[in-house]
Amino acid sequence: MPAAHAAGSQASGAGHALALDVGGTGIKAGLVTRDGRLIRTWRRATRIERGPQAVIDTIADFAAELVDEAAAEGTPVAAAGFALPGIINERTGVGVFSATVGWRDVPFRDLLGARLAVPVAIGHDVRAGGVAEARIGAGRGSARFVFLPLGTSIGGAIMIDGVPNLGPHGMGGEFGHIVVRPGGLPCGCGLHGCLAQYSSAGAVAARYAAAAGTANTGALDVAARLATGDPVARRIWDEAVDVLADALLTTAALLDPDRVVIGGGLAEAGDTLMRPLAEALAAKATYHALPELVTAELGDLAGCLGAGLLAWDLVPGSSVSAAPVSADLVPADPRPGDSAP
């Protein structure tokens, strides 16, 4: 019997869920325990330049290798979860479209379920991160919060009772495309003045590089330049904070969340972002009940952890309780041809 099928036949006694978080540059994979601990990780390059079918094959091959390895080590996988970029129909398990990778209408749940012979959960990368923050991260104890990762662009998840609120079309949470500066900077979505063009880590870094005539060295470098009195860094950073405060004021008016969990690369600036953001939001508010602003706790592992938690939801009798990320997380050595994202 092939190892993947052996893993499926022993799933009821398995102690781990396999989780993969697929990004534009790399795939993070790990084993997640029933109580939400990530105990082992691997990474592999996505290499999107090879085209969408090659990336799909890489995802399937990588997952199958890890299922086989877990079975060979005597800890067969109970289920597998995948956090994917782009537009994802989580109800049908279909990757509708990814501008980053280029796939369209890929039946991931059916494809991967047949390949791995275990139950498969398919989730959106940001919403999977929201699930992880809700259960084991900065969203614990909140019945209604917004997860807002400020990364290369800006995604988002509206979390109600620990579950992403997708809306009837599965499109809920696209905070990056709130128009905060009508007629402003052009966005890839076709609109002008979207939040992502001002307040994502990618936008802050790119706007500074263009204005200062330097190489793009990242948003945290822009944050560091604030301490040197760099006027260009100050202008770009202050505008990013002001625009984000406007978006959060709109969020407070529409959704009334009790908390906003801010993640992604820009959140790594810590108080350099969070303190002026809280001050700007308070200064703009009139009647609004303002949410608590907190930084995400799970970092770039949130999507992987969320994929694992979604996988455990498919296993009868499993109940994933709140648990911290393992402090003694041990990354595996890269396999030949593997590389970190």
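Predicted model: local features only at pLDDT ≥ 70, side-chain atom pairs only at ≥ 80, totals over all residues.
Local features need pLDDT of at least 70 and side-chain atom pairs count only at pLDDT 80 or more, while totals for chains, interfaces and linings use all residues. Residues are numbered from 1 along each chain as its sequence is written.

Helix α4 (residues 125-136) packs against helix α11 (residues 302-312) at about 80 degrees, with the axes 7 Å apart (axes are lines fitted to C-alpha atoms over the stretch in contact, and angles run from 0 to 180 degrees between N-to-C directions; helices are DSSP runs of H or I, at least four residues, and strands runs of E, at least two, numbered from the N terminus). That makes α4 roughly perpendicular to α11 (65 to 115 degrees). On the α4 side, the contact (heavy atoms within 4.5 Å) includes D125 and I136, which face a set in α11 that includes A302 and L310. The contact residues split into nine nonpolar, three polar and three charged (Ala, Val, Leu, Ile, Met, Phe, Trp, Tyr, Cys and Pro are nonpolar; Asp, Glu, Lys and Arg charged; the others, Gly among them, polar).

Helix α4 also turns up in the pockets. The largest pocket holds about 1700 Å³ of space, and α4 gives the most to its lining, with four residues. Nearest the centre of this pocket, among its 45 lining residues, sit D125, V126, G151, T152 and S153. The lining comprises 16 nonpolar, 21 polar and eight charged residues. A pocket here is an open set of points on a 1 Å grid over the protein atoms alone, where a 1.4 Å probe fits, with protein on both sides within 12 Å along at least five of seven lines; lining residues have an atom within 4 Å of a point. Volume is the space filled by probe spheres set on the points, joined across faces, edges and corners.

Technical notes: Heavy atoms only, no water. Parallel < 35°, antiparallel > 145°, perpendicular 65-115°, else oblique.
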